[in-house]
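These questions and answers go through a few helices and the packing around them. Have the sequence and the structure at hand.

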Amino acid sequence: MAEIHWFPGHMKKALNNVEDKIKLVDVIVELLDARAPLSSVNEHLVKLIQNKRKVIVLSKTDLADKSQTAKWLEYFRKDNDVVIDLDLSQQNSGKAIQNAVVKVGKSIWEKQKAKGMKPQPIKTMIIGIPNVGKSSLINRFAKRSAAGVENKPGFTRGQQWIKVSNEFVLLDTPGILPMNYEDKKKAMNLALLGSIREDILPSEDMCRALLAFLKKNYPNSLKERFDIEEITSFDDVIKSICERRKLLSNGTYDLERAYKLLLTEFKNGLLGQITLEWL
């Protein structure tokens, strides 16, 4: 697989804006997709925020393997201030983040009080790759439609400060990917999760990678949706999907529609709770 490049102009601009704003921020909230936490880390941003207090959020846990999420929580708690997991569809997700930010930010208030200052709202920046759930989280915070939500990468492009409470304000930022991915496995993971545009990698290649992973780790994942008892050869599985869903064109299997269908059902969690990166 060739090296993956995906760095639109708006991402370069967003990255520059993040660099400019970091010095104004007290606490960083970094969202990682629980299905592929390491692939979700933007190494360039890690360098920029290394001296900031952080809250790590494993998002989309409703779509991830619970046993693996528990292991990832332990992994990240070794080196970070506060690490939590969230199903962003739940109403209490905003409150959980707020509590985490306040926990991390208490030391900032203590320093302000020691100087005779009135404690100021904690300035917080939320970062993460595209399609990791940032806009959904913003909406929870603001209890209104403060940021657009769409299940495709690159949707949120501006920056906005949002007053969450008297305790902290939040700076939303667009999802930013590294300029390229030398690690092809990480690139594939992000493509499968929908963080890289679907047209960057061929659908067939993505399906081959997905089915190979499912066959090894989740062999029964196609049973409920496609009535496929066993994941056998790639061609047999795709043909079975065509037959089950009647994906035919002029009497022949419509392979491209089958690829798209399989990828969409995986991305939306319809194949079960699946994690692509294991500990």
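Q: At which residue does H5 bend, and by about how much?
A: In this predicted model, H5 covers residues 93-114. Its bend falls at glycine 105, which is among the buried residues of the helix. The angle there is about 45°.

Q: What span does H5 reach from its first C-alpha to its last?
A: H5 has 22 residues, and 1.5 Å a residue gives an expected 32 Å. The span in the model is close to that value, at 32 Å.

Q: Which glycine just after H5 takes a positive phi?
A: H5 ends at residue 114. Just after the helix, a phi of about 80° is found. The residue is glycine 116.

Q: Why do the buried residues of H8 line one face of the helix?
A: The buried residues of H8 are Ser203, Met206, Cys207, Leu210, Leu211, Phe213 and Leu214. An α-helix has 3.6 residues a turn, so residues three or four places apart point the same way. Seen down the axis of H8, the buried residues line one face because they fall within an arc of 165°.

Q: Which helices do the buried residues of H8 pack against?
A: H8 runs over residues 203-217, and its buried residues include Leu210 and Leu214. Their partners in packing are H7 (184-193), H10 (234-245) and H11 (255-267).

Q: How many residues are in the largest nonpolar core?
A: H7, H8, H10 and H11 each supply at least two residues of this core. Leu214, Leu222, Ile241 and Leu262 have the most contacts inside it. Leucine 262, for one, touches residues including Cys207, Leu210, Leu211 and Phe226. The core has 32 residues.

Q: Is serine 195 buried or exposed?
A: Serine 195 lies in the loop between H7 and H8. A polar atom of its side chain is 2.8 Å from the backbone oxygen of proline 130. The cut-off for buried is under 20% relative accessible area. Serine 195 has 2% relative accessibility, so it counts as buried.

Key
Residues are numbered from 1 along each chain as its sequence is written. This is a predicted model: local features need pLDDT of at least 70, side-chain atom pairs count only at pLDDT 80 or more; totals for chains, interfaces and linings use all residues. Side-chain values use heavy atoms; hydrogens and water are left out. Helices (H or I, at least four residues) and strands (E, at least two) are DSSP runs, numbered from the N terminus. The expected span of a helix is 1.5 Å times one less than its number of residues. Buried means under 20% relative accessible area, exposed over 50%, partly exposed in between (1.4 Å probe, protein chains only). The arc is that of the directions from the helix axis to the C-beta atoms. Contact means heavy atoms within 4.5 Å. A nonpolar core is a set of buried Ala, Val, Leu, Ile, Met, Phe, Trp, Tyr and Cys residues joined through side-chain atoms within 4.5 Å. The bend at a residue is the angle between axes fitted to the seven residues ending there and the seven starting there. A polar contact is a pair of N or O atoms within 3.5 Å; within protein, one must be able to donate a hydrogen and the other to accept it, and residues adjacent in sequence count only if both atoms are side-chain atoms.
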